Amino acid sequence: MEEEGIDAPIDIYHTMMDGYTMTQNEEKCLMVLDRLKECGFTPSVITYGCLINLYTKIGKVHKAMEISEAMKTAGIKHNLKTYSMLINGFIILKDWANAFSVFEDLVSDGLKPDVILYNNIVKAFCGMGNMDRAIRTVEEMKKERRRPTSRTFMPIIHSFARAGNNRRALDVFDMMRKSGCIPTVQTYNALILGLVEKRQMDKAVGIVDEILLAGISPNEHTYTTIMHGYASLGDTGKAFEYFSKLKNEGLELDVYTYEALLKACCKSGRMQSALAVTKEMRAQNIPRNTFIYNILIDGWARRGDVWEAADLMQQMRQEGVQPDIHTYTSFVNACCKAGDMTRATKTIQEMEAHGVKANVKTYTSLIHGWARASLPEKALRCFDEMKRAGLKPDKAAFHCLMTSLLTRATVAEGYIYNGILKLCEEMVECGLTVDMGTAVHWSKCLRKIERSGGGITEAVQRTFPPDWNSHKTLTAISDVSNDDSDDDDDDSGFRDSDSDGEDVTVFNGKFRS
């Protein structure tokens, strides 16, 4: 238009900014803003709204707040949409305090929340676990003559189900009906999701039966959620049962459906079955994304098969799929389990070269690898590197390193003893205690180090459970075993089945059924 000498109205610029917001292209959106100003237009509430929407979508809520302040400086007042965008941005970040702060600003400006805004506030209360306040907000909506929708009730139902309070979740269903809102398959799915997250699979399946009795047809999301629940339990049979239902009812098979199947196969150690799933995906022209590759690499990592994991990493690069932190961490875990610490170290360097920072799980895998390699000094060094990187070690990291140090303290140098004492001090400061099984195992190690007790024993026992009793513990130790030939490394938290005992021909029949 400009090349033909036609001045574009401001609405055209807003449409372009909105388009770049949808594609999350910050650079292009700001270029359009600059051009808008160059043409003599004054940014309006719509202009600022496009920017706020952009920054909340890409997770830069602090930038969205800067735009909000710029609006106020320019004398432009917020409207319901701009406030709603800011609130939603904070909700995505689970920053409930700031979400409510923005809501209070909205009320103080004399604006009356619409249904969408109320729904966001209900979601925020649910997110912070204040279910009673969420329900009171629904009542407030009714007083303000704002009719609640199914989206209003979904987060409440999901939160009650996730908390294991099935009765309250069903009460909200009744409340929903009394409000003139008919439950939909999406509402039931929210209840199923909460139960699945609580691993209450029998109750989740019972809700599917209720859906059918209500004359509502389950959709792809219903069955996929059930499949993911069984996948988390490693129940391959049940996962395939619901895959067959989904397929037989003519529902769409997408990447999330196959993701659930792969999770079930890999969780149960059936990697040949997982390969058959990927072949079926290829036949259905469903590309493998980062999540799919992560599941497969993690599956091979559980078996310590670094060669298969490395082959998948190579396939990712060839297909242009970018590895993320989970991909790298799983591969590092595979290297460590295979005892290939050289490759694990190189992978960390590759991560950093691609701008991916190691997380606590990555460092914990490395610590475990060095411990298995009987190099506690490198495990200690890795633990210190994790803290220097600004990461806070979790219980698994402390457990792994402490077990490594205790099992080698009988033949170790002084730095091992100092490491044990320092770890104990940090665990006490963090309020961490171990379970009784770990306490028994560590106590057996301590008896080899200090048979009659001492400084290390006293320090380590400060991390034991509150109900630790020396008399009971000695009895438990003698009951477990008097054999001193324990494994040097306690792999109880990392041990996975290598069994792959499924007949693949039987498996392939499941796809054809």
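Predicted model: local features only at pLDDT ≥ 70, side-chain atom pairs only at ≥ 80, totals over all residues.
Visitor: Okay, where is T347 found?
Guide: In helix 20, which covers residues 341-353. Helices (H or I, at least four residues) and strands (E, at least two) are DSSP runs, numbered from the N terminus.

Visitor: And is T347 buried or exposed?
Guide: T347 is buried, because its relative accessible area is 3%. Buried means under 20% relative accessible area, exposed means over 50%, and partly exposed is in between (1.4 Å probe, protein chains only).

Visitor: Zooming out, how many helices and strands does the chain have?
Guide: There are 28 helices and zero strands. The chain has 513 residues, and 47% of them count as buried. Also, 64% of the contacts with a separation of 6 or more are between residues 24 or more positions apart.

Visitor: How many residues are in the largest nonpolar core?
Guide: It has 149 residues, and I156, I226, L366, L406, I420 and V460 are those with the most contacts inside it. Helix 15 (residues 255-267) gives the most to this core, with eight residues. A nonpolar core is a set of buried Ala, Val, Leu, Ile, Met, Phe, Trp, Tyr and Cys residues joined through side-chain atoms within 4.5 Å.

Visitor: Why group those together at all?
Guide: Because in soluble globular proteins, nonpolar side chains tend to be buried together.

Visitor: What does L406 touch, then?
Guide: Not counting residues up to four places away in sequence, L406 touches I420, W442, C445, L446, I449 and V460.

Visitor: New topic: at what angle do helix 5 and helix 6 pack?
Guide: Helix 5 (residues 80-92) and helix 6 (residues 96-108) pack at about 165 degrees, and their axes are 7 Å apart. Axes are lines fitted to C-alpha atoms, for helices over the stretch in contact, and angles run from 0 to 180 degrees between N-to-C directions.

Visitor: What do we call that arrangement of helix 5 and helix 6?
Guide: Roughly antiparallel. The cut-offs are under 35 degrees for roughly parallel, over 145 for roughly antiparallel, 65 to 115 for roughly perpendicular, and oblique for the rest. The crossing of these two, helix 5 and helix 6, is left-handed, where left-handed means that the near helix is turned anticlockwise from the far one by less than a right angle, and right-handed means clockwise.

Visitor: Which residues make the contact there?
Guide: From helix 5 you have L80, Y83, L86, I87, F90 and I91, and from helix 6 W96, N98, A99, V102, F103, D105 and L106. By class, the contact of helix 5 with helix 6 has eleven nonpolar, one polar and one charged residues. Here Ala, Val, Leu, Ile, Met, Phe, Trp, Tyr, Cys and Pro count as nonpolar, Asp, Glu, Lys and Arg as charged, and the others, Gly among them, as polar.

Visitor: How do helix 1 and helix 2 pack?
Guide: Helix 1 (residues 10-22) and helix 2 (residues 26-38) pack at about 165 degrees, with their axes 8 Å apart. So helix 1 is roughly antiparallel to helix 2. Helix 1 passes helix 2 in a left-handed crossing.

Visitor: What about loops? Where is N285 found?
Guide: N285 is in the loop between helix 16 (271-283) and helix 17 (290-303). Its phi is near 60 degrees, a positive value in a residue other than glycine. Most residues other than glycine have a negative phi. N285 is exposed, at 68% relative accessible area.

Visitor: And where does S374 lie?
Guide: In the loop between helix 21 (360-372) and helix 22 (376-388). S374 has a positive phi of about 60 degrees although it is not a glycine, and with a relative accessible area of 40% it is partly exposed.

Visitor: Last one: how does L253 count, buried or exposed?
Guide: L253 counts as buried, at 16% relative accessibility. L253 lies in the loop between helix 14 (236-248) and helix 15. The C-alpha atoms of L253 and T224 are separated by 9.4 Å, though the two residues are 29 residues apart along the chain.

Terms used
Residues numbered from 1 in each chain as written. Heavy atoms only, no water. Contact = heavy atoms within 4.5 Å.
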